[in-house]
Amino acid sequence: MKTNYVGKSVPRVDALEKVTGQAIYCVDVELPGMLYGATLRSPLAHARIIEIDTSEATRVPGVKAVVTGKDFPYTFGHMIKDQPFLAMDKVRYANEPVAAVAADTEAAAQEAVEKIQVTYEELPAVFDPRKAAATGAPIIHENLEKYEHSSMYKIVPGTNVCTHMTYSRGDVDKGLSEADEIFQNEFYIHPVAHTPMETHAAVVKYDPSCRVFTVWSSTDAPYQRAKDLAKALGLSFNQVHFFSTYSGGGFGGKGAIVAEGIGVALASFTKGRPVKVVYSRQEELTASQVRLEAFLKLKTGVKKDGTLTARVAEITWDNGAYSSKGPEVARRGALTIFGPYRTPHVEFVSRLSYTNKQPSGAYRGFGTNQVTWACEAQMDIIANKLRVDPVEIRLKNFYQDGDRYINGQIMQAAGLRETLERASRGIGWGEQNSKSAGALVRGKGIATTIKGTATPTDSYCFIKVNFDGSITVLTSSVEIGAGQKTVLAQIAADTIGVPLDSILIPNPDTYATPFDFGVTSSRTTYHMGNAIRMAGQSVRKEILEIAADVLGANPQRLVFREGKIMDRDSEHEMSLKELMTKKYGGKGGSILGDGHYTPARSSIIKAEHGIQWMGSIFWMWATHAAEVEVDTETGVVKVVKIAAAHDVGRAINPMACEQQIEGSVMMGISNTLFEEFKMDKGRIMNDTFADYKVASMLDLPVIVPIIVESHHSEGPFGAKGIGEPALSPTAPAIANAIFDALGIRFNELPITREKVLSALRERDSV
Amino acid sequence: MKVSIDLTVNGERHQVDITPWITLLELLRETLHLTGTKEGCGLGECGSCIVLVDGTPVNSCLMLAVDAQGRQITTIEGLASNGDLHPLQQSFIEKGAVQCGFCTPAMILSAKALLDENPDAGEEEIKQALSGIICRCGNYKKIIEAVRTASDRKADS
């Protein structure tokens, strides 16, 4: 199909508001009578609360409410209902909210918070998930079995393990016995912060007469948050009304109730006055959520020529003190520990344990960063030992069209090889590394990833053709910053046959925009794109019927493009606006269309009974090839170049795809080389940007974004997704390049210069 | 206690009575309701709150509002003139230099200060000038391209 917008790098539709400072983010929302919230947080990682004295705090001028867990004794949890809005009997991580204040000014709220006296009785704490999962560890949630949770997440009673899962396919003993070599390695991947530039925030207003909470938030899934809040408070969905604002970045971090929870607790006591809660950068770094830390053990059998025969994996994930999306990250993330490779015999054990740390949750990749780190580093270890080229060993084992995934799903793997071939070409793979200059040594590395999308999930939309031919697309897909509005508007414009600038996609409002699972799992372009295709086709059909009637034409002979309808027989042409005016006689009216997309009935996801959920309606493939330069005198690793190839199915907007790829490479460099929490008794000591370093413009390498288009048979215009897989191959590609440069293998992230330097000293002292 | 200060913001003179310890950022966002200027950390470490003070980029979270007495402040809202976008605003749109947009005002204003001073600024100079602003979307490559485009256009005109 010929398109006017799809496939083109049209400028983003949200850019004008953003370059002029007009876009409204959650932190910009201001309402009449608005109060400001502040939170008292625990100084201890694990302690019983003996007493909270708020008497002095309530006397601070301007204070309107002081709330503790006793006053607001509710818990929430998307997967396991384990988290109090404000700590009740005990605190389970340092910086957990203990009490909150709403006051006329931020300063008054802050002053009152400092006047709250809390008496704690410290309890033994545990920070390493492997220790926490062992018997005899301090128990963090004594009533774990009693928490409401989905049966998908298998809790181990009497322990800290809140999701345990095992899976095997084939016969790993047989597979390992067929191998010429068996590789056993252990890997570690550290927790990192999302650090969206807009910290978590919420404005909440409670109407006590109707018992309705209205919440302004830049969350990534307003329906999920509203649903969880309603459930926590025993309200109906209509009693929790979410307005989505523009979002100053999410990366998975806005996929949980964070500031919203404090706002709801406070607003319940302010007699209708709205309360604004904005997390400070310190709160964002210490008390929002982080990427799941993970310890991974791999045992892999390989033939001499590099053919994989079996893999056994054991993963221990850190859930932190409460379950955000940790249980699903652990469950779904574990599945791709076998990488994009045909492995006849596989087995894994995955366990997620509570610790006395900040909650872990979704992080761009949803478990894929963790497993790709281990899988791709080990592929390099194998290639090196067997003297097989890292590119060759991957090509040899890659899934091919028609192969079966670990649940029996038939793979659509077109595009996978091409990502590897083009990324390796992009970096000059096989060519001699540039000459070392003095202490500077160069090396190249490569890594591939597989990422599915949560399946099945649903997206709904409404399309409204207004009386003047302008079009409003009502969806609950938020603009998290990744270009959602632009890509969806392009799909709508080409489906209906109207100019892009006639389309408006307002920010979601759960009273008006229909259900969407959320901007998560790289699913929006595909799922909401398909819903918009359906709604768009329906309004297009109706427009053509009306046009045939008004023009007295044969509908088959009408051409409808760029907002103009032409009768090929009479050559009579009419704009959509003229048509709407004729049809509704100038009084006004709407043409409505709706779309509901679910992959539930697609033959693509057919798999073995009971484990269909492991599969995916589409698979995203990506390969990153990195070139690094290591300063052997200082240990500083400089990423010189990254060629990043991604199979996106079809690039609805190539520029937006590049933004995702280039941005992820930067995030990957930052995660891999710079970011690391320093803890003392569970307290994060580096809670500012000065001490928690994220990549700046000075760290920018040459980035070569490569878009591979394999055209998905059921995707909108062939599109799949891009947001998450763009991140996961960066870390192992860099580590593999460092190995190429130095002959030193780093199996633990991050690879800081201190670590590089001490490894170099160790190597050279031998 | 309030003090009265006089300053010019985006060409408009303001006389405001403020508590003496508020920052320029608070004055802009809360008193003058110019919310285009963003707060990312409140400690001068992320650059999100940069505005121009007499043409120079300043972290407005670190400057006391009283120190803005008699100064010319430019915020993102003051960049377009008579509805025409500034060339940097235009090039940021065209080159895809905007993702979530939260750092965008600071990036554009810092780039403006750079190009006003050095219209031929090259990649290294751009990197140095903008390196104090964190873009977690990691959109640095396209931001540099956008500034270079505006710089080329400036050189041509």
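# A walk through chains A and B

Let's start in chain B, where 5 strands make an open sheet in the order S2-S1-S5-S3-S4, with mixed pairing. At its edges sit strand S2 (12–18) and strand S4 (56–59) of chain B, each of which pairs on one side only. From one strand to the next, the twist in this sheet averages 40°. Keep in mind as you look around that this is a predicted model.

To see one pairing from that sheet in detail, find strand S1 (residues 3–9) and strand S5 (residues 72–74) of chain B, which pair in the parallel sense over 2 bridges. Val9(B) has Ile73(B) as its bridge partner in S5(B). Strands in a sheet are held in pairs by backbone hydrogen bonds, and they can be parallel or antiparallel.

Helix H3 (residues 104–117) of chain B lies across strand S3 (50–53), S4 and S5 of chain B, and it runs at about 35° to S3(B).

Follow chain B past S5 and you come to the loop between S5 and helix H2 (87–94), which is where Asn82(B) is found. Asn82(B) has a positive phi of about 50°, although it is not a glycine. That's worth a second look, because most residues other than glycine have a negative phi. Is Asn82(B) buried or exposed? It counts as exposed, because Asn82(B) has 4 C-beta neighbours inside 10 Å, and 12 or fewer is the cut-off for that label.

Now over to chain A, which has 18 helices and 32 strands. Its C-alpha trace spans about 90 × 70 × 55 Å along the principal axes. How does the radius of gyration of chain A sit against that of a compact globule? For 766 residues such a globule would come out near 27 Å, and chain A has 27 Å, so the two agree. Of the 766 residues in chain A, 59% are buried. Among the contacts in chain A with a separation of 6 or more, 80% come from residues 24 or more positions apart.

The domain assignment of chain A gives domain 1 (15–22 + 457–597) and domain 2 (125–397). The centres of these two domains of chain A, taken over C-alpha atoms, are separated by 36 Å. Where they meet, 17 residues of domain 1 of chain A are in contact with 18 residues of domain 2 of chain A. On the domain 1 side, the residues that touch domain 2 of chain A divide into 7 nonpolar, 7 polar and 3 charged.

Chain A also has an open sheet of 5 strands with mixed pairing, in the order S9-S18-S17-S16-S10. Here the edge strands are strand S9 (161–169) and strand S10 (181–189) of chain A, each pairing on one side only. Neighbouring strands of this sheet are turned by 5° against each other on average, direction ignored. At one end of the order, S10(A) pairs with strand S16 (residues 294–302) of chain A in the antiparallel sense, over 9 bridges. Within this pairing, Ile189(A) has Ala294(A) in S16(A) as its bridge partner. Helix H10 (residues 368–386) of chain A packs on the sheet and touches S10 and S16 of chain A, with its direction at about 145° to that of S10(A).

Thr455(A) and Pro456(A) are joined by a cis peptide bond, with omega about -5°. Pro456(A) has its place in the loop between strand S20 (440–452) and strand S21 (459–465) of chain A. Further along, the peptide bond from Leu749(A) to Pro750(A) is cis as well, with omega near -5°. Pro750(A) lies in the loop between helix H17 (730–742) and helix H18 (753–765) of chain A. These stand out because most peptide bonds are trans. Then there is Glu571(A), in the loop between strand S25 (564–567) and strand S26 (573–575) of chain A. Glu571(A) is not a glycine, yet it has a positive phi of about 60°. Glu571(A) is exposed, because it has 7 other C-beta atoms within 10 Å.

Finally, let's bring the chains together.

Conventions:
Residues are numbered from 1 along each chain as its sequence is written. Chains are lettered from A and ligands numbered from 1 in the order in which they are written. This is a predicted model: local features need pLDDT of at least 70, side-chain atom pairs count only at pLDDT 80 or more; totals for chains, interfaces and linings use all residues. Two strands pair if DSSP finds at least two bridges between them. Helices (H or I, at least four residues) and strands (E, at least two) are DSSP runs, numbered from the N terminus. Axes are lines fitted to C-alpha atoms, for helices over the stretch in contact, and angles run from 0 to 180 degrees between N-to-C directions. Two residues are in contact if their C-beta atoms, placed from the backbone, lie within 7 Å. Domain bounds come from an automatic or database domain assignment. Ala, Val, Leu, Ile, Met, Phe, Trp, Tyr, Cys and Pro count as nonpolar, Asp, Glu, Lys and Arg as charged, and the others, Gly among them, as polar. The radius of gyration is taken over C-alpha atoms; the globule rule is 2.2 Å times the number of residues to the power 0.38. A residue is buried if 20 or more other C-beta atoms lie within 10 Å of its own, exposed if 12 or fewer, and partly exposed in between; C-beta atoms are placed from the backbone.
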